[in-house]
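Biologist: I am new to this one, and I would like to learn how to read it. Could you walk me through a few features?

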Amino acid sequence: WDTECITFGLDPVPGNSRESYRKALAYTRDLLVDGQFPLIPPVEIAREQALCKQVVDTGDDIDLTKFAFITSNPADGGRYVNTGSTFTTDPEMGVNFGTYRCQIYGPKILGINPEPNQTGWKMLMNAKKRGEEYAPVSIAVGQDPIVWTVSGSKVAPRGFGKRFNVIDELAVAGGIRGKAIEMVKSETNNIMVPAHCEMIIEGRVPLQQPMRPEGPFGEMYGYLGLKKEENFWMEVTAITYRTDPWIMNQYTGATRGYVTAPVSSLFNASFSKLIPGLIEINQVVDTTGLAYVRIKKTKPGQGLKIGKQLASIVPLFKVTVVVDEDVDVLDWYQVGLAIGARYTPATSTEIFDGRGMPLDPSSGDRGKSSKLVIDATRQWPEEGGPDVYPELNRTLLEELAPDAFDRTFSKWGDVINQWGKTRYS
């Protein structure tokens, strides 16, 4: 969470990475205008100014295996390019870039793995149906963190039912950065790519030739993903890169991945307009499938209703926990206490079927999932709760012994801060 501050040029809060993340959330939330990030269109620069063109490998010089791409899990099908932004094109949808895992089959052969119904998959399938022999692809590796966030998330408005091409997606990235993304044309196709990333892998996807098996791959849930019998792949036509490029490998299922503050800010702003009473959502990155939702409860049944609305919309929300406004959804400890003290399983639970994540290892029918909503708000009498809900011990301590915290921190503040730093790091 400290890195979220660092990415936006903010100083992390010493000893409290949770507050660092809140600082990044506040910064990105302030960038929003009418619920969207500002747009700063990308600009094209001359080829000789582009750092990704310092070295150009073509023909017999092409060799993906000489770079520091790794097998991140010993059970994986091989080495992967798994942090690249894959640029694809379509006559109607424009240009798209997304983060897809790419298995290295050899020095000049690279897999392309958009999941079904992702934009990249739709573009390649459209080209195949049109009878095209090849589809051009360029993959940016070592891109700046904001471009990677847009690449791997729904920050760009494309995900909200509108058609935006790559200019708009990169304009969103520029708006978040506060500076236009500088672009340059690929060497062997016409796709524009970020000029100052570490590497560009260019190629063409054979659309009328047999596909290749792919995987398995250790996925985001922390379990080995399925091996695919058919997967897109590309012939590499050029690799351009900085001198001594830095290669970033994602330990999928073990590390956070892209910067999430822009995604969270946009989700919170968008859903708050759609759902009255919603305050904040935390889509828990390190425990995929869980979502914590904070609401201002004003009527009975509101917790279950809001939880079901969100779980119906977002495939990733398999277990959705709804809490009161006094619970910090960034703190799993507070959420756990709310479940233990405010949740009544018999009356505060809803289970239903909905859209799920294709990568969920528990799903017998990939893309579908049963959903669990837990209403961990204080249960009102109309919901079967007590006539008067007991007060929190901490609240009483703050009211009846107001100097207790100052006295404690004056004596043992260093110890407490160190404990907090360990707990939230």
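Modeller: Let us begin with α2 and α6, which are oblique to each other; angles under 35 degrees count as roughly parallel, over 145 as roughly antiparallel, 65 to 115 as roughly perpendicular and the rest as oblique. This is a predicted model, where local features need pLDDT of at least 70 and side-chain atom pairs count only at pLDDT 80 or more, while totals for chains, interfaces and linings use all residues. Residues are numbered from 1 along each chain as its sequence is written, and side-chain values use heavy atoms, with hydrogens and water left out.

Biologist: At what angle do α2 and α6 pack, and how far apart are their axes?

Modeller: In general, a packed helix pair is described by the angle between the axes and the distance between them. Here helix α2 (residues 17-31) and helix α6 (residues 261-274) pack at about 60 degrees, with axes 8 Å apart. Axes are lines fitted to C-alpha atoms, for helices over the stretch in contact, and angles run from 0 to 180 degrees between N-to-C directions. Helices (H or I, at least four residues) and strands (E, at least two) are DSSP runs, numbered from the N terminus.

Biologist: Which residues of α2 and α6 meet?

Modeller: From α2 come Y21, A24, L25, T28 and R29, and they meet A261, P262, S264 and S265 of α6; contact means heavy atoms within 4.5 Å. The residues of this contact divide into 5 nonpolar, 3 polar and 1 charged. In that count, Ala, Val, Leu, Ile, Met, Phe, Trp, Tyr, Cys and Pro are nonpolar, Asp, Glu, Lys and Arg are charged, and the others, Gly among them, are polar.

Biologist: Now the open sheet of 5 strands: what is its order?

Modeller: The order is β14-β15-β16-β18-β17, with mixed pairing; two strands pair if DSSP finds at least two bridges between them. β14 (278-283) and β17 (349-355) are the edge strands, each pairing on one side only. On average, neighbouring strands of this sheet are turned by 20 degrees against each other, direction ignored. β14 pairs with strand β15 (residues 290-295) in the antiparallel sense over 5 bridges, and N282 stands opposite Y292 in β15. Helix α7 (residues 302-313) packs on the sheet, touching β14, β15, β16 (319-323), β17 and β18 (368-375). The direction of α7 makes about 15 degrees with that of β17.

Biologist: Which residues of strand β7 point one way, and which the other way?

Modeller: In a regular strand, side chains alternate between the two faces of the sheet. In β7 (residues 109-112), I109 and G111 point one way, L110 and I112 the other way, and all are buried. Buried means under 20% relative accessible area, exposed over 50%, and partly exposed in between (1.4 Å probe, protein chains only). Strand β6 (residues 102-106) and β7 run antiparallel, joined by 2 bridges, and a hairpin connects them through 2 residues. β7 also runs antiparallel to strand β13 (residues 228-241), with 4 bridges; G111 has W233 of β13 as its bridge partner.
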